[in-house]
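User: I would like to learn how to read a chain interface and a ligand shell. Please take them one after the other.

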Amino acid sequence: MTVDAVARSHVAAPHGTTPLVARLRSVLRPDQVRDGVSEVNLYRHDASNLVGHASVVCFAESTDDVRAIVLVANEFGVPFVARGSGTGLAGGAVPMGGAIVVSTAKMNRILSVDPVNRVAWVEPGVLNLDLSKQIAHLGVHFAPDPSSQQTCSIGGNVANNSGGPHCLADGVTSAHIHAVEAVLPDGSVTVLGGEEPEPAGYDLRGVFVGSEGMFGVATKVCVKLMANPPGVATMLLDFADVADGAQLVSDIIADGIVPAAVEMMDQLCLRAVEAFIHAGLPVEQAAALLIEVVGLPAAVAAQVERIGELAGRRNVGGVRVAADDAERALLWKGRKSAFGAIARIKPNYYLHDTVVPRHKLPEVLEQVYEIAARHELLVLNVFHAGDGNLHPLLVYDAREPGVVERVHAAGDEIVRVSVAAGGVLSGEHGIGLEKRDLMPLMFSEIDLAAQADLRRAFDPRCLSNPDKVLPSPAGCGDIHSIPEGAWV
Amino acid sequence: MSLDDAIGAFAAQVGPNGPVTITGLGTRGGPVVGVRTVRAPSGIEWIQPAEMTIRCGAGTPVADVDAALAEHGQCVVIADFGTIGGALAVGHSDVRRLSWGPVRDTVLQLRYVSAAGEVVKAGGPTVKNVSGFDLCRLMVGSRGTLGFLADVILRTRPRPTHEQWYSSRRDPWALLGELYRPTSVLWDGTTSWVLLDGHPDDLRGQAAGSELVAVDTPPDLPPHRWSVAPSTLTELRDEPAGTFVAEIGVGIVHRSRPAPPAEPDPETVELHRRIRDEFDPAGRLNPGLDVLAVT
Ligand SMILES: Cc1cc2nc3c(=O)[nH]c(=O)nc-3n(C[C@H](O)[C@H](O)[C@H](O)COP(=O)(O)OP(=O)(O)OC[C@H]3O[C@@H](n4cnc5c(N)ncnc54)[C@H](O)[C@@H]3O)c2cc1C
């Protein structure tokens, strides 16, 4: 279909609906297809600052619905984009080129749970925390726990290969997905991977996880569940020098201990959170580490002791071990409410996501502070220190003239120093639109061409969430449009 | 010669045309017979214990990697025979998979030589990374049909300081339910074997609580692997004991006869065809090998 024909399919017929919308209404119930301007506008963005343009929003309730929408998209040559909860931070769910938004919010059933073999089948719109809550009585949980877990969907977790504090020892989403039923970009339906451990052929499951909605729409997900640990110890260690805390992270790992979680908060973050939740956090210190070790009693006790010893050699200030579940919950609340807390400092924030080798944490953190200072910006750091996953949070007031440009310039530098330190562009938020044009920092043209080959194998017409991840028009003939709010 | 130079030489050997096959130590099936054969570079480039990562040529024997990592109290989740490249190309997991996870989760970054004879990098050097599509997982298990592995950066893990096999007459699913993260639970229809690692006091506590008896070795595993949904393993109760060893909670059944060929659906077959067409249009890499047909 030509560009003109695509444009025509968006032009409203005299009675107010476009041919595309009319066709979608003929394959779904009419109330599942929404084209009111104000409603459609709600789906122009995700949790990033990027804004695109959708033609229509469809609320799928089943695999058949998704398939029907994708077939209509193929018929009209119009792109489509799967959307879970829209909490993505890289613009992954931002619709480009008047795409059809396929919302999975109504596909939110837990289909089956096998507590013996520890697997469950769920629909993609199930919210991450809802899943773990609903299976808690079986003594199991879904390990990936993004800080957004109250609102993000399993489908979004799969598409972004999301992480969370407790992914340090247990791995990010990909390690917890056995199979995905997907509607492929041409409308065919298949199961990638399987409950069996070694399905024949290529690891298509592994390839789909982290494909940011560009390889089709996940309609059912088979997840791995983990046994709840019999013992947990949660420690808060504080430091007068950020570098000491950062160094301790490497010391612990080099000692052969892989805690369940190692999170760091710096002083500005500690202060913001303390004002918010009053947990008795060490607000006079430069940084604190929240460390959790889990397992059987002797192992937990030995690791707590050893971590204390190692911390002593790095000039630790206080070592607080949560005495009970209530105190543990309070400490975690501190970590997880960081985003709510910072809203009290400035109205806007830009959250970055890069990874550096653990031993480079002290050095790169130093650079992050320097960059923010030079651009006259406030930066808070609250991040997954255990795997070197930095989350510098630039806080600002967008009404201040020129500040947005400074935020973007600082962000760009932060990404560049991370990659230059032997790190990567993104640890868990994905590339999406946000970092698409920075991909050449990590990959050569040859490397990127191979990624484009894979994309083409799944989606020869480039209808599934076009314009994302790959920087140059990737053999699809799609000329990248620049979304509003882009900074690269 | 540095590893990077060796990779360049390896790419030149693979070249841009003509059928070519690759071999490691030949422990996992070896090369395609009758085709020009190449070998991947070998040697450990570095180990970073505090990052828990290692970089080596794909031709490096797993045993060398294991011995070098042992000095740092670490190991990789790859069964100890053949080469790293061979193990990754085949993608079969070790009996510790129940707790340690599959082989595919160990690769952080890899380089491969493409059908065009070019060196392609996938993934990144850090333990966490979602930059771009996951070509690493595409390559693991692809049996050299999409590219020949040249070098890899692998995630390591702490080497257990205390590890013990046990046996028991108890039902393996009961053991799976009551033990905390056993490393392996095997069953031959009569006897269960359990591998535990961790703090010695915890091992003693778990063993006593579940009436486990320490043994020196696990059972011998019959040579063929069947991959089935773990929930279907209960059907083995109807089969003669001793003809199989099943990995409970995982779904690998070791048997003396080969598994029947897989029956992939047409959409899966078509996706495989399209991927192979994109990566190796002439079908020159390991020619004739059908990844959907091998077991
Ligand atoms: C305050 C805050 C904290 C966060 N903390 C973390 C964190 O700790 N760790 C982390 O990893 N992320 C974090 N995120 C980012 C975000 O929550 C995750 O990326 C999450 O997995 C996105 O889920 P979602 O349902 O909102 O997806 P969306 O934003 O709706 O979509 C994200 C991507 O997934 C695709 N997609 C969605 N559903 C499907 C489907 N069914 N099939 C195919 N593709 C699909 C979309 O097309 C898009 O490309 C945070 C975000 C916020 C706002």
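Analyst: Start with buried area: the accessible area (1.4 Å probe) that two parts lose on being put together, summed over both. Here, chain B and chain A bury about 6100 Å² between them, and carbon and sulfur atoms give 59% of that. This is a predicted model, where local features need pLDDT of at least 70, side-chain atom pairs count only at pLDDT 80 or more, and totals for chains, interfaces and linings use all residues. Residues are numbered from 1 along each chain as written, chains are lettered from A and ligands numbered from 1 in written order, and side-chain values use heavy atoms, without hydrogens or water.

User: How many residues does each chain bring to the contact?

Analyst: Contact means heavy atoms within 4.5 Å. Chain A brings 90 residues and chain B brings 69 residues.

User: How many salt bridges cross the interface of chain B and chain A?

Analyst: The rule asks for a side-chain nitrogen of Lys or Arg within 4 Å of a carboxyl oxygen of Asp or Glu. It finds six between chain B and chain A. One of them pairs A:Asp186 with B:Arg274, with 4.0 Å between the closest N and O atoms.

User: Which element gives the largest share of the side of chain B that touches chain A?

Analyst: Elements are DSSP runs numbered from the N terminus: helices (H or I, at least four residues) and strands (E, at least two). Those giving two or more residues to this side include strand E7 (119-123), helix H7 (200-209) and helix H8 (266-279) of chain B. H8(B) has the largest share, nine residues.

User: Now the ligand. Which residues come nearest?

Analyst: Near means that a heavy atom of the residue lies within 4 Å. The shell holds 36 residues, and A:Ala82, A:Thr87, A:Ser148, A:Ser153 and A:Ser162 come nearest. H6(A) gives the most to this shell, five residues.

User: How much of the ligand does the protein bury?

Analyst: Accessible areas come from the Shrake-Rupley method with a 1.4 Å probe. Alone, the ligand exposes 980 Å², and the protein buries 96% of that.
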